[in-house]
Amino acid sequence: MLFLLFGSAGVGKTVALDTLRRRRLPTIAIHDFDEIGVPPRADIAWRQRGNEHWLRRALDYEADRVDLVLARQTPPGELLATPSAPLVEAISACLVDCDDETRLARLRPRGRAQLGRMDARACGRPELANGGDHAARDGVEMRWERWSDWTADDPRWRVRVLDTTTLAVGEVADELVNWIVEERAVVQSGEHPLLRWAR
């Protein structure tokens, strides 16, 4: 199973991952998308190839009965259009977000370049949680037709929203652990809307 934590820069994804790692959850592998290395001119096509890389890693983990938690700015619609997405047992997404004032305060120490790109790179905004990022349709071998006829209220667009604005780091981790436990239970029940969803 793949757990996608997505959201724009400064919302707390990296801190959440570090805290989850310290929790030592059983049968969970935790990774940041950028561990594969980010080229100087990373573009949408590179990101979409990276999605495929991580989906294949999820399949490798799945063979060993291990789930993958992956943090990235990738919106769910882009991940679901990636070639290997239907092969993963199930995919659950959580939008990690915070208010703009908090995000600016978190990004300011990273420098003005990050601040300038924040809005342009905010592919994890709530309005895009349902895959509405149609501008990102120039990747390699993407299968956008998989979900192009899904309505906005389709249960397959099921996304948990975690607002980190007022939460302490430990509270964010607690929320994520609870989400993982709940999603695993939904898969076990056979009711997960993205359980072997395209087979």
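Tutor: Two strands pair if DSSP finds at least two bridges between them; helices (H or I, at least four residues) and strands (E, at least two) are DSSP runs, numbered from the N terminus. This is a predicted model, in which local features need pLDDT of at least 70, side-chain atom pairs count only at pLDDT 80 or more, and totals for chains, interfaces and linings use all residues. Residues are numbered from 1 along each chain as its sequence is written, and side-chain values use heavy atoms, with hydrogens and water left out.

Student: What makes β1 and β4 a pair?

Tutor: They are joined by 5 bridges and run parallel, against a requirement of at least two. Within this pairing, Leu5 is opposite Cys94 of β4. Strand β5 (residues 159-163) is likewise parallel to β4, with 5 bridges, and Leu162 in β5 faces Val96.

Student: Why is β4 called largely enclosed?

Tutor: Buried means under 20% relative accessible area (exposed is over 50%, partly exposed in between; 1.4 Å probe, protein chains only). Because 7 of the 7 residues of β4 are buried, the strand is largely enclosed by the rest of the structure. Ile91, Ala93, Leu95 and Asp97 point one way, and Ser92, Cys94 and Val96 the other.

Student: What makes a set of residues a nonpolar core?

Tutor: Its members are buried Ala, Val, Leu, Ile, Met, Phe, Trp, Tyr and Cys residues joined through side-chain atoms within 4.5 Å. The largest has 28 residues, of which Leu2, Leu68, Leu80 and Ile91 touch the most other members. Helix α2 contributes the most, 5 residues. A second, separate core of 22 residues includes Leu5 and Ile30.
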